[in-house]
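Dear colleague,

Please find the structure below, together with its sequence.

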Amino acid sequence: MRLMQSLRLGDLELGNRVVMAPMTRNRAHADGVASDEMVAYYAQRASAGLIVAEGTWPSVIGQAYCRQPGIATPEQVAAWRRVTDAVHANGGLIVLQLMHAGRIGSRHVKPPGIETVAPSAIRAAGEVFTDAAGLQPFDEPRALSTAEVQAVVREHAAAADNARAAGFDGVELHGTSGYLPMQFLCSGTNHRSDDYGGSTPKRARFMVACLAAMADAIGSARVGLRLNPGNTYNDTQDDDPAASHAELMRQAAGLGLAYLHVMRAPTPAIDAFALAREHFGGRLILNDGFDAASAEQALADGAGDAVSFARHYIGNPDLVRRFREGLPLARFDRKTLYTPGPRGYSDYPPA
Ligand SMILES: Cc1cc2nc3c(=O)[nH]c(=O)nc-3n(C[C@H](O)[C@H](O)[C@H](O)COP(=O)(O)O)c2cc1C
């Protein structure tokens, strides 16, 4: 099986091409510190060629969800160290996804006094579940000043440093799903007229600046990027998502990143994998809706270098073995996706 072949992504030496995609599961403590369940959950999935751990905030102003982990405080670094040690002890590799949520925020989620910021003061339509007050509309965000944008870029470098201190093998920037980097990229959420908006190259600049800062901190061969051209999640709109993403990919191509993790575009008008091959040129991890057979086919077709799986990893900690031996896949329970505790999280058994 092509999926079982080893692969080099920058400095990362994967034993196979089955990647565990990042999944927010809200199992951290209220202060963003990783829990014992998280140690068990990730250790159980260490046979993946690479684990991309869930979207994690680089600073508390970027927190989107209750019980979402951070990588900003010494306590958070120490707790993540237990996760990475357990994964490494089981022979795995693990990178951390950095996720600054920008305008996807609520004061009912963040500690008192922590505001919600964005490229422009445009509130996202929609609601977020909060432990404190149930469903709440997203906050009206405040537009970041140019100096503040540069400070957020530096926070990404600090978070990358913290991730390495916590034992992660690298970091992945979350550039999809309508969070801060995508808010800068897309014309519907970025109405700025400074160096970070006003034209497609300038809208791409924030994401590229974050990647460059992360690469300066820990080396570009340990930095990845995740994109999903045309994604409209979290009220995201762009006049021309293919053009915006092509520009971003071209700018990112010069950085020497470990990989681009690309999700299929939700619209058939955009072939996200072809776009990435044309404009990025480096290693590609493909995602969205794959099973073992379609992943094999995609690798055989040369569409990318590895394939990531999210939902199959929820109920199948030993997904690599199930693929290799053709074993049936377990289903998962939607009701426990985001609930606290080990149930429906770290209690799915191997085959
Ligand atoms: C419960 C859940 C949480 C997710 N959280 C994240 C996340 O934190 N970061 C991210 O980039 N994608 C996230 N995703 C998207 C997945 O990584 C993946 O792109 C999507 O589920 C499609 O892949 P699949 O068909 O293999 O499930 C999440 C998906 C699910 C189901």
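Thr176 has a relative accessibility of 0%, and because buried means under 20%, Thr176 counts as buried. Please keep in mind that this is a predicted model.

Thr176 is placed in the loop that joins β10 (170-174) and α4 (180-185). Leaving aside residues up to four places away in sequence, Thr176 touches Met182, Arg226, Leu227, Asn228, Asn231 and Met263. Ile51 stands 125 residues from Thr176 along the chain, and the C-alpha atoms of the two are separated by 18 Å.

Gln68 counts as buried because its relative accessibility is 1%. Its contacts, not counting residues up to four places away in sequence, are with Ala28, Gly32, Gly55, Thr56, Trp57, Gln63 and Met99.

Finally, there is a pair of helices to examine. The axes of helix α3 (residues 146-165) and helix α5 (residues 200-218) come within 8 Å of each other and cross at roughly 35 degrees. This crossing of α3 and α5 is right-handed. On the α3 side, the residues that meet α5 are Val149, Val152, Val153, His156, Ala157, Ala160, Asp161 and Arg164. Their partners in α5 are Phe206, Ala209, Cys210, Ala213, Met214, Ala217 and Ile218. Sorted by class, the contact of α3 with α5 holds twelve nonpolar residues, one polar residue and two charged residues.

With kind regards

How values were computed. Residues numbered from 1 in each chain as written. Predicted model: local features only at pLDDT ≥ 70, side-chain atom pairs only at ≥ 80, totals over all residues. Heavy atoms only, no water. Axes fitted to C-alpha atoms, helices over the stretch in contact; angles between N-to-C directions. Helix = DSSP H or I, 4+ residues; strand = E, 2+ residues; numbered from the N terminus. Left-handed = near helix turned anticlockwise from the far one by under 90°. Contact = heavy atoms within 4.5 Å. Nonpolar A, V, L, I, M, F, W, Y, C, P; charged D, E, K, R; others polar. Buried < 20%, exposed > 50% of the residue type's maximum accessible area, 1.4 Å probe, protein only.
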